[in-house]
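User: I'd like to learn how to read the contacts in a model like this one. Can we go through it together?

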Amino acid sequence: MGRSPTSLSKLKLGKLKVVRRQLLQRYEHQPFISCLAGLYGCQWKRYQRARGQPGECCCSKLECGSFGVLILTFCFTLVFLYFWAEAQNDYNDFDWFNFGNLGFWFPWSLVLLIVAAVLFAYVAILLVLAVCLLSEGQRLYLHWSHKIGIVVTLSFSISTTAVLSDLWSKEWKTLLLSFQVTAPFLHVGGVSLMTLLAWPIALHFFRMNKRVWQVAILGLYLSVLFILYLVPLGMYSPCIKEEGMLRPPPALIGHRGAPMLAPENTQLSFEKAVEAGAEGLETDVTISYDGVPFLMHDNTLRRTTNVHEVFPNRTNTPASWFTWSELETLNAGAWFFSHDPFGTAYSLDPDDRVRAQNQTVPRLKDFLDLAALHGKLVMFDLYRPPRGHPYRDTWINRTLEVLHNETSLNSSQVWWLPSERRDQVQEIDPALQQISGHRASIEELQENHIVRLNLHYSSMSQEQIRYCTSLRSIPTTPPPHLHLG
């Protein structure tokens, strides 16, 4: 008597289940699993662990949630690590920002980078342990200490990214450019990661009894893989140009001289910039109490001089309240070796090291004479003295007096950046090249005799830059404050 179609179907289904069970039965690497379970959930003994049965979920709802938070934390720590690693051009600003608030120098930028790398490694290791346990068919039991660590890491990554984004929002532009440059490498890494996950995903696909879960797992995996393979079609890198389309290299401007090779805003720093082939020199000018324009970026002398030793009671006094005779007594180079902000101080040869440690605060006249000697363009920020200062209202005239009467530099070599009383300055010396640090309409720029723009690269789109460079009346140049990641 032949078997009914129903019996045959049950027999075939039973054979498929047996085959499936055999496929899922693997030799259990006991020491390996013990190590995985011990590190992930502190379950070093075999009886503490539970093996997931075919068709069952890999863990409880609580552990599923913990695994989801672990994946989320991995993504956030990766974003934070990548963000801060690419923001290295502003590490110096970050460290001096903290110096101004805390009152002492410490390389907080490197500390933050190390912390970000350690937290990312910690979360990545936990994620790898979880994937390995799942591939071995083990249930997940994340130890409570790791759960606390994950929550702390997630909170730290989100809060720090938010704070840094608020302080240095322009870094997101740097991050985008860097992402475009490194996109091919990141893409290869993503494809490699999905390839490594193929085996664990396949095991879970066969282990699931419910068709809905099988479709969900396989659909999600294939969707991500499909997107990854389509990514190259939308990749764009500004570094890749067709032959003959690459424009001339940008002009090199010594921002406060060469601050990585010598103390900023010192004669040695500007000499190093000239040696490096800079076409122009940028600095910051403050007026002393007795009317001598000198070079100083900060409002106080605390960061770049030994004012705390010479005038301990005037550490936080504005720099413009010092007379020139007092400023001459300060050392403006020793701090470069005690703080070593760029980690380059001891790369100087012995002679330059001695010179750097004995630099003084230079006058504007000394700076202009150096530029005239080497035929360099100059640009400077001019800070107006505070209320009550003798030169509060004549600081621009005093600066122009030095330019016209105390130095041989031609006015046409000066890029005049200060926006205060620009009409008056243009009338006194029309040979000065008026430049602007702010965006404006073409009509407004022409009305103010602006011939060049000094902007951060993120403040204008490529289309706007092309439009400005196409106008002969507004010949733009590469901004001296160009910050690239």
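Predicted model: local features only at pLDDT ≥ 70, side-chain atom pairs only at ≥ 80, totals over all residues.

User: What counts as a salt bridge, and how many does the structure hold?

Analyst: The general idea is that side chains of opposite charge can pair when their charged atoms come close. The cut-off here is a side-chain nitrogen of Lys or Arg within 4 Å of a carboxyl oxygen of Asp or Glu. The structure holds 13 of them.

User: Where in the chain do Glu264 and Arg303 sit?

Analyst: Glu264 is in the loop between β1 (253–255) and α10 (267–275), and Arg303 is in the loop between β3 (293–295) and α11 (307–310). The pair is 39 residues apart and links distant parts of the chain. The element names come from DSSP runs numbered from the N terminus: helices are H or I with at least four residues, strands are E with at least two.

User: How do I read helix packing, say α3 on α5?

Analyst: Axes are lines fitted to C-alpha atoms, for helices over the stretch in contact, and angles run from 0 to 180 degrees between N-to-C directions. The axes of α3 (residues 61–86) and α5 (residues 108–135) come within 9 Å and cross at roughly 150°. That makes α3 roughly antiparallel to α5 (under 35 degrees is roughly parallel, over 145 roughly antiparallel, 65 to 115 roughly perpendicular, the rest oblique).

User: Which residues meet there?

Analyst: Contact means heavy atoms within 4.5 Å. Among them, Phe67, Leu70 and Trp84 are on the α3 side, with Leu112, Phe120 and Leu134 on the α5 side. The contact of α3 with α5 divides into 20 nonpolar, three polar and no charged residues. In that scheme Ala, Val, Leu, Ile, Met, Phe, Trp, Tyr, Cys and Pro are nonpolar, Asp, Glu, Lys and Arg are charged, and the others, Gly among them, are polar.

User: Is α10 parallel or antiparallel to α15?

Analyst: α10 and α15 (residues 364–374) pack at about 20°, with axes 11 Å apart. That makes them roughly parallel. Gln267, Phe270, Glu271 and Val274 in α10 meet Asp366, Phe367, Leu370 and His374 in α15, giving four nonpolar, two polar and two charged residues.

User: And the UniProt record?

Analyst: The unreviewed UniProt entry annotates "transmembrane region" over several stretches, including residues 67–85 and 146–165; such annotations may be inferred rather than shown by experiment. Residues 67–85 are 100% helix, with end C-alpha atoms 27 Å apart. Residues 146–165 are also 100% helix, with the ends 28 Å apart.

Definitions and conventions: Residues numbered from 1 in each chain as written. Heavy atoms only, no water.
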